[in-house]
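Thanks for making time this morning; I would like to take you through one protein chain, going from the overall fold down to single residues. Please have a look at it first, and then we can go on together.

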Amino acid sequence: MKDVQIDIRINSVTYDELSAKEQQLINAAKDATKNSYAPYSHFSVGAAALLDNDVIVTGSNQENAAYPSGICAERTTLFYANSQYPDSAVRALAVAAWTEGDFLETPIPPCGACRQVLLETEKRFGTTMRILLFGKKEIYVMEGVKNLLPLSFTTEYLAK
């Protein structure tokens, strides 16, 4: 048996330690939670993407009574960014969640499907995305989706 260790790097920072642009991105993600449609879970998620043309686009989760028909905030944001700004890479993505009348104390991680879409977005543009996950007590910051999805399914596996 061989033991394999995979290292990931996540920094925990406070809001005040972020750059002004990162604070703006976090604020946009928090504001986007207001546009969430979450009548079933009452769990509103907002995301904001900073593109390489300095445009910030936002999205929120959208639920449906047929649960699989809904979509997460991260995918809403990235799909919108890719469709409206197809030549602009995503430099950073911020995510925030609101439930029971307040933002979460700890950062919310993206689901598996969203992690795969983030990975594909990096691949599409050949860049590494900075990811900021907001929590009231701390904010997780990481460089690249590989820190969220260390064992990634990529096109390398599809090559013949």
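Predicted model: local features only at pLDDT ≥ 70, side-chain atom pairs only at ≥ 80, totals over all residues.

Let me start with contacts, where contact means heavy atoms within 4.5 Å. Among contacts in the protein chain between residues at least 6 apart in sequence, 66% join residues at least 24 apart. Residues are numbered from 1 along each chain as its sequence is written, and side-chain values use heavy atoms, with hydrogens and water left out.

Now the fold itself. The protein chain has three helices and seven strands, where helices (H or I, at least four residues) and strands (E, at least two) are DSSP runs numbered from the N terminus. In sequence order the pattern reads β-α-β-β-α-β-β-α-β-β. The C-alpha trace spans about 50 × 40 × 40 Å along its principal axes. The radius of gyration, taken over C-alpha atoms, is compared with a globule rule of 2.2 Å times the number of residues to the power 0.38; for 160 residues a compact globule would come out near 15 Å, and the protein chain has 16 Å, which agrees.

How much of the chain is buried? Buried means under 20% relative accessible area, exposed means over 50%, and partly exposed lies in between (1.4 Å probe, protein chains only); on that basis 43% of the 160 residues count as buried.

Let me take the helices in turn. For each, the expected span is 1.5 Å times one less than its number of residues. Helix H1, residues 20-32, has 13 residues and reaches 18 Å from its first C-alpha to its last, close to the 18 Å expected. Its buried residues are Glu22, Gln23, Leu25, Ile26, Ala28, Ala29 and Ala32. As a reminder, an α-helix has 3.6 residues a turn, so residues three or four places apart point the same way. The cover over the buried residues of H1 includes strands S2 (43-51), S3 (56-60), S4 (90-99), S6 (130-134) and S7 (139-143).

Helix H2, residues 73-84, has twelve residues that should span 16 Å, and its end C-alpha atoms are 16 Å apart, which agrees. Among its buried residues are Ala73, Leu78 and Ala81, together with Glu74 and Arg75, and what covers the buried residues of H2 includes S2, S3, S4 and helix H3 (112-125).

H3, with 14 residues, reaches 21 Å, close to the 20 Å expected. Its buried residues, including Cys114, Val117, Leu118 and Leu119, pack against H2, S4 and S6. H3 is followed by Gly126, whose phi is positive, near 65°.

Which residues other than glycine have a positive phi? One is His42, with phi near 55°; His42 sits in the loop between H1 and S2, and is exposed, with a relative accessible area of 52%. Another is Glu100, with phi near 50°, in the loop between S4 and strand S5 (102-103); Glu100 counts as exposed at 79% relative accessibility.

Finally, Asp7 lies in the segment before strand S1 (11-13) and is exposed at 62% relative accessible area. Asp7 and Asn147 are 140 residues apart in sequence, yet 8.2 Å apart in space, C-alpha to C-alpha.
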